[in-house]
Amino acid sequence: MSMIMMTHAAAVREGLAEEMRRDPLVWALGEDLSTAHGGTSADQYLGLIDEFGDKRIVNTPISENTIMGAAVGAAVAGTRPVADLRMADFGMCAVDELVNQAAKIRYMFGGQARVPLVVRQAIGVRKGGAAQHSQSTEAWYIHTPGLVVVAPATPSDAKGLIKSAIRTDDPVVYMEHKDLWMAEGQVSDNPNDIIDIGKASIMREGSDITIVSWSKMALLALEAADQLKSAGISAEIINLRSLWPWDKDTVYKSVGKTGRLLVAQESVQVAGFGAEISADITENLNHSLKTYVRRIGAPRTPVPYSEPMENEYRVTATRITKKAKELFSAN
Amino acid sequence: MITNIASNYPSRILGLYKTMSLIRAFEEIAEEAFDDGLINGSVHQYIGEEAIGTGVCANLRKSDFILSNHRGHGHAIAKGANPGAMMKELLGKVGGTSGGKGGSMHIADFSVGMLGANGVLADGLTMGVGAAQALVLRKVDAIVTVFVGDGTTNRGPFFEALNWAMIYELPILFVCENNTYASSTSTRKVTAGPGPVARAEAFGMPAYDVDGNDVREVDDIASNIIANIRNGGGPQFLHAKTYRIKGHVSRDKMLYRPEGETESHWKNEPLGRCSDWLIKNGISEAEVTSANGSAYTEIREALEAAKAAPFPDGKLAYEDVQDLGNRYLGEHS
């Protein structure tokens, strides 16, 4: 077993294929899964139809309600579906089936049924994606009791998390970043390697400030850490990987050490997940804080199209650095 | 025309009459319990529509799945759920089918293949086609039946799910119970086109009309349709015309109905029609009366047992949310 260089999209594909080989009850459904695109033009499913056939790689009509609803019914009826909604923007067409059904069936039927499904909803600004192809909606689902939410940042995360998501007996919202599909990284080829849901990774150790982030923002936080280093600030970068549940132990330990917390998110900052993390740390770790918690996130506007406006909207490494430096100025 | 003419046919119909009586008794006594303030919510009654769930489910096996809508008590009883556990569920008591977590509108009994009533219309359709796909993938010899109302034929997922069932040739029966009202709106006034059968046929799906107040007709056509689905005939659609004798929900005063409408429909209700037929076809009046009386006795006992049962501990509110993240539910201290 060894580490292999591959793209994020290929890593998820490998993870899915390994789980489908391991368990004949795992199957996938979504639009364009068996066409030449092999998914949303990033080859996430390329070739799987040949190995697993059309009963397990199910190419569906454009029927988001039913892609999600069928996944719920199939999960309740003893299989482990992976429903692909292409983008979080289209996921909104199926919020009812995800929130009213998948998330609640175990509870409202008193534990008579389990809903072991994964729903893939890609997030993030993709250049020129504009208002309806670039949204990050993780907060919607973190807010919903019954759902697990994960958001990988690296190809290794992507593979390890899709495998553990498929093995989870409750519904998991798997939010990959569209901009990362073609990014490469080292990935284990051992089918037994998974990443436990609820475990963050410390991408860089540091002593002066903790920057908590997830998905693509964790990579930008790493760039920010380089910029901060040249300013004499040692930043610890936490890639949460799982958003619900989130790894409070790791974050508490880090903030206990650094005494400073910045949460960096790509999604709209207002009522975003960063607000929850900030409030939690303020309530529970106030005695350890050297200054108050800061957040950085997107403005509360739709994602604009034209490049100057899109750049204005984005959270960048430079903006993370600037915000991080605020924690070192006099309060 | 009824095609089943076996010599034990009247006793089969007596069995269906017993099931319909149980449903009727359950709904009437649940309404009493609601009026007495024993039910922490509302009740959607199936009174007048009993023949449909009864006639369809009489042709299903325990291993078959059904999915229901908000008006699910009758479907559950017809599929074999225990009315005693159901009544406890309505009262939110220990021993309820879902331990008191769901109540009337989420009545479910997975042990008999009743995959749940539902507070959101049309979601049973999309989940139903998925359940059928799971049966195919698992190579299980069983079918899925989804019960929907006339109002639901105007929701988008209705069209998606019918299309989906056809393209994947799934073993599924859609039963549209047309009780003429979508909540308090006359469905006719908000629905274009000739109706549910035409909508199903537009997808190339075999679709049939039946008098939903005649349990013998429903039983007969369901028997043929379900045999056809089991033999690989693919999805089929049954449109059962009926009338919702009660309001949309237990507190509904039915102010939207023309005077006399409900009364005229009482003359056509399915239990009376069935008992008339039984008495004309060799079942004694005493036997019919006794079957009906036994149902009321059973449900009265179910209500008394439910009243006597304890309430669950409030802390059970924290159970069965999800496995991961249970440390962080935010329990009140």
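Two residues are in contact if their C-beta atoms, placed from the backbone, lie within 7 Å. The structure shown is a predicted model.

**Figure 1. The surroundings of Ala298(A).** Ala298(A) touches Glu266(A), Ser267(A), Val268(A) and Gln269(A), and also Tyr313(A) and Val315(A). Residues up to four places away in sequence are left out of that list. Ala298(A) sits in strand 14 of chain A, which covers residues 294-298. Is Ala298(A) buried or exposed? Ala298(A) is buried, because 21 other C-beta atoms lie within 10 Å, and the cut-off for a buried residue is 20 or more. Look also for Val270(A), 28 residues away from Ala298(A) along the chain. The C-alpha atoms of Ala298(A) and Val270(A) are 8.4 Å apart.

**Figure 2. Chain A as a whole.** Chain A contains 13 helices and 14 strands. Its radius of gyration is 20 Å, close to the 20 Å from the globule rule for 331 residues, so chain A is as compact as a globular protein of that length. Along the principal axes, the C-alpha atoms of chain A fill a box of roughly 60 × 45 × 45 Å. What share of the 331 residues of chain A counts as buried? The share is 58%. Now take the contacts in chain A between residues at least 6 apart in sequence. Of these, 79% join residues at least 24 apart.

**Figure 3. The two domains of chain A.** Domain 1 of chain A spans 7-188, and domain 2 spans 201-326. Their C-alpha centres lie 26 Å apart. Where the domains meet, 26 residues of domain 1 of chain A are in contact with 20 residues of domain 2 of chain A. Which elements of chain A each supply at least two residues to the domain 1 side? They are helix 7 (138-142), strand 6 (148-150) and helix 8 (155-167). By class, this side of domain 1 has 16 nonpolar, seven polar and three charged residues.

**Figure 4. Chain B against chain A.** Here 38 residues of chain B are in contact with 38 residues of chain A. On the chain B side, helix 5 (123-137) and helix 6 (156-167) each supply at least two residues. Which element of chain B gives the largest share of this side? Helix 5 of chain B does, with twelve residues. The chain B side divides into 19 nonpolar, 13 polar and six charged residues.

Definitions and conventions
Residues are numbered from 1 along each chain as its sequence is written. Chains are lettered from A and ligands numbered from 1 in the order in which they are written. This is a predicted model: local features need pLDDT of at least 70, side-chain atom pairs count only at pLDDT 80 or more; totals for chains, interfaces and linings use all residues. Domain bounds come from an automatic or database domain assignment. Helices (H or I, at least four residues) and strands (E, at least two) are DSSP runs, numbered from the N terminus. Ala, Val, Leu, Ile, Met, Phe, Trp, Tyr, Cys and Pro count as nonpolar, Asp, Glu, Lys and Arg as charged, and the others, Gly among them, as polar. A residue is buried if 20 or more other C-beta atoms lie within 10 Å of its own, exposed if 12 or fewer, and partly exposed in between; C-beta atoms are placed from the backbone. The radius of gyration is taken over C-alpha atoms; the globule rule is 2.2 Å times the number of residues to the power 0.38.
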